[in-house]
Amino acid sequence: MPLTPDIARLLDELKQLAAISAHPAPAVTRVLFSGEDLAARKWLLARAAEAGLESRADAVGNLFITLPGLDPELPPVATGSHTDAIPNAGAYDGTVGVLGGLEALRAIAASGETPRRSIELIMFTAEEPTRFGIGCLGSRLMAGSLTADEACQLRDSDDRSLEQLRPETCEGDLESVQLREGTYSAFVELHIEQGPELEKAGLDIGLVEKIAAPAAFRLRFTGSGGHAGAVLMPHRRDAFLAAAEVALAVEQAALDSSSPDTVGTTGVIEVKPGAINSIPCDALLEIDFRDTDLDARDAALASIRDQAEAICTRRGIELDWQWINSDPPATCDSGILSVAETHATALGFSHTRMISRAYHDSLFMARLCPTAMLFIPCREGWSHRPDEYASPEAIEKGATLLAHTLLDLANA
Ligand code: GLV
Ligand code: MN
Ligand code: MN
């Protein structure tokens with residue numbers, strides 16, 4: 001039997017999953033351990049059960065759905081992505097990899113061929129940083145890049161901990177989430193590109209060779225509040241204005257970087273007390289800074305730090321600099337990429353090698369086993385917004401290539 005994903009079913013499931021959202025369509029919002037996240041998990045497990053596939057959860061809620069192979073002693077091949085979504089996101093980021101992976105497993109089962117190795121679909125917990133400020137929570141713990149103790153220190157904006165929030169279905173202690181190297185023989189993640197290159201070039205598939213190195217940090221500025229009418233300008237220590245200068249310094253450092261791939265974003269800003277007639281006494285920024293070139297990224301970060309200190313000294317502001325994460329880039333496995341490339345060519349899908357400027361759970365899976373990513377185009381490269389869109393043809397090609405690649409890797 002040919003290996004043919006059921007595209008109508010896959011598109012229908014993407015639609016069903018998109019409807020599990022805290023904001024109305026076309027927006028999708030599913031924050032870690034919110035009612036919507038828990039409902040999406042339940043819905044996914046029901047789809048796996050319907051397909052006759054066994055599933056289990058680990059202590060942080062990573063879900064594993066298994067298609068058994070002939071030899072249970074061999075390390076399985078894995079695929080997967082995430083179903084959580086930042087506020088006002090779209091329907092395709094992460095979900096194409098999870099539901100495309102489920103469809104690939106079902107297509108392999110329907111082909112009548114049982115591969116040597118089992119194939120596991122992983123739904124990673126909290127690839128998005130919305131709840132705890134740190135991305136890839138599930139895969140980070142799996143790879144040991146975040147320890148259980150560090151995970152226990154995390155707090156959300158309501159000061160609730162991971163221990164308080166993780167549901168009863170997450171059995172065991174957080175230490176048990178970490179996997180040893182060699183647990184999987186290979187990992188492949190299907191994802192929308194989230195950039196414009198494939199669409200512009202009219203190409204079907206991106207074979208990802210490298211994933212950019214993300215860093216994130218939280219800055220707290222403490223100044224002095226007071227009456228907006230009564231305190232004259234020379235006597236002010238306005239925390240927000242120091243934060244604003246630092247946000248501009250972040251932009252300038254990215255623009256001045258020797259690498260064209262350096263990007264810096266101040267995505268979170270909070271100002272206290274938040275009253276029009278009161279001078280801001282406290283401000284908080286959360287800043288995301290990335291590059292594929294680690295040296296260029298770290299040089300820009302060092303310059304931002306110097307400038308932030310100088311700005312705060314000049315303005316009489318106390319600065320607290322807290323790293324959220326600072327991760328190295330990942331290099332994808334050339335063996336997996338050439339398996340995928342061979343199948344893409346045989347299937348008649350146009351393709352190119354590329355880098356991922358977004359981060360993904362693959363960044364951490366690459367520390368555990370040979371890893372690669374397959375990208376499909378998305379409209380205008382839009383992502384993290386409600387009008388994110390990938391065409392049925394693009395999704396079909398991605399899921400078909402994923403199925404062929406997984407079957408090949410599972411027979412190796
Ligand atoms: C993942 O969503 C990222 O921010 O790259
Ligand atoms: Mn995302
Ligand atoms: Mn994603």
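Trainee: Is Asp156 buried or exposed, and at what relative accessibility?

Mentor: A residue is judged by its relative accessible area (buried is under 20%, exposed is over 50%, and partly exposed is in between, with a 1.4 Å probe and protein chains only). Asp156 has 8% relative accessibility and therefore counts as buried. Please keep in mind that this is a predicted model, in which local features need pLDDT of at least 70 and side-chain atom pairs count only at pLDDT 80 or more, whereas totals for chains, interfaces and linings use all residues. Residues are numbered from 1 along each chain as its sequence is written, chains are lettered from A and ligands numbered from 1 in the order in which they are written, and side-chain values use heavy atoms, with hydrogens and water left out.

Trainee: With which residue does Asp156 form a salt bridge?

Mentor: A salt bridge is a side-chain nitrogen of Lys or Arg within 4 Å of a carboxyl oxygen of Asp or Glu. The partner of Asp156 is Arg131, and their closest N and O atoms are 3.0 Å apart. Asp156 sits in the loop between helix H5 (148–153) and helix H6 (162–165), while Arg131 sits in the loop between strand S6 (119–124) and helix H4 (137–143), so the pair ties together parts that are 25 residues apart in sequence. Helices (H or I, at least four residues) and strands (E, at least two) are DSSP runs, numbered from the N terminus. Arg131, at 17% relative accessibility, also counts as buried.

Trainee: How many salt bridges does the structure hold?

Mentor: The structure holds 23, including one between Asp158 and Arg160, at 3.0 Å from N to O. In that pair Asp158 counts as exposed at 52% relative accessibility, whereas Arg160 is partly exposed at 31%. Another joins Arg357 to Asp261, with the closest N and O atoms 2.8 Å apart; Arg357 is partly exposed at 40%, and Asp261 is buried at 18%. Arg9, Glu13, Glu103 and Arg106 are joined into one network by salt bridges that share partners.

Trainee: What does Asp93 coordinate?

Mentor: Asp93 coordinates both the manganese ion (ligand 3) and the manganese ion (ligand 2), which are 3.6 Å apart.

Terms used:
Donors = N, O, S within 2.8 Å, 3.2 Å for Na, K, Ca; no water.
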